[in-house]
Amino acid sequence: PLVAEPQCQKGYTTMSDGRCYRALHAAAAGVAENMLQEGINECKKEGALLPIINSHQENSMFDDIVASLDDLKNKPWLILGLVCNATTRHFDWLDGTKLTYTKNNANISF
């Protein structure tokens, strides 16, 4: 989860943009349909949000976070705060903002 604070809480690491993060370890590993809701619930407990990526810099920071995880042999998942709107069939961020950044300038819809 991400927490915007001047100083990170115990157990969190400061990102280069000043936000704080920590990795969550999913209790329901391997059950992808539960992971998003589990991540949302865990973040809410701490007043945080799942990651929202709006730039190449933010994407690179999260690439680095995943690469730095100690338990790479268990194939860690990065759960983003991105959901598909069932009506429009486009992605939106959980905070209500539109998807404006894509790594390969892809127009993603389902």
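**View 1. Cys 84, a partly exposed cysteine.** In this predicted model, Cys 84 comes out at 39% relative accessibility, so it counts as partly exposed. For reference, buried means under 20% relative accessible area, exposed means over 50%, and partly exposed is in between (1.4 Å probe, protein chains only). As the model is predicted, local features need pLDDT of at least 70 and side-chain atom pairs count only at pLDDT 80 or more, while totals for chains, interfaces and linings use all residues. Numbering runs from 1 along each chain as its sequence is written, and side-chain values use heavy atoms, with hydrogens and water left out.

**View 2. Cys 43, a buried cysteine.** Here the relative accessible area is 1%, so Cys 43 is buried.

**View 3. The one disulfide in the structure.** Cys 8 and Cys 20 pair up, with their sulfur atoms 2.2 Å apart; a disulfide here is a pair of cysteine sulfur atoms within 2.5 Å. The bond links distant parts of the chain, 12 residues apart: Cys 8 sits in the loop between β1 (2-3) and β2 (13-14), and Cys 20 in strand β3 (residues 20-21). Strands are DSSP runs of E, at least two residues, and helices are runs of H or I, at least four, numbered from the N terminus. The S-S torsion is about -95°, so this disulfide is left-handed. Cys 8 is buried at 18% relative accessible area, and Cys 20 is buried at 1%.

**View 4. The largest nonpolar core, nine residues.** Its members are Met 15, Tyr 21, Ile 52, Ile 53, Met 61, Phe 62, Ile 65, Trp 93 and Tyr 101. Helix α2 (residues 56-68) supplies the largest share, three residues. A nonpolar core is a set of buried Ala, Val, Leu, Ile, Met, Phe, Trp, Tyr and Cys residues joined through side-chain atoms within 4.5 Å.
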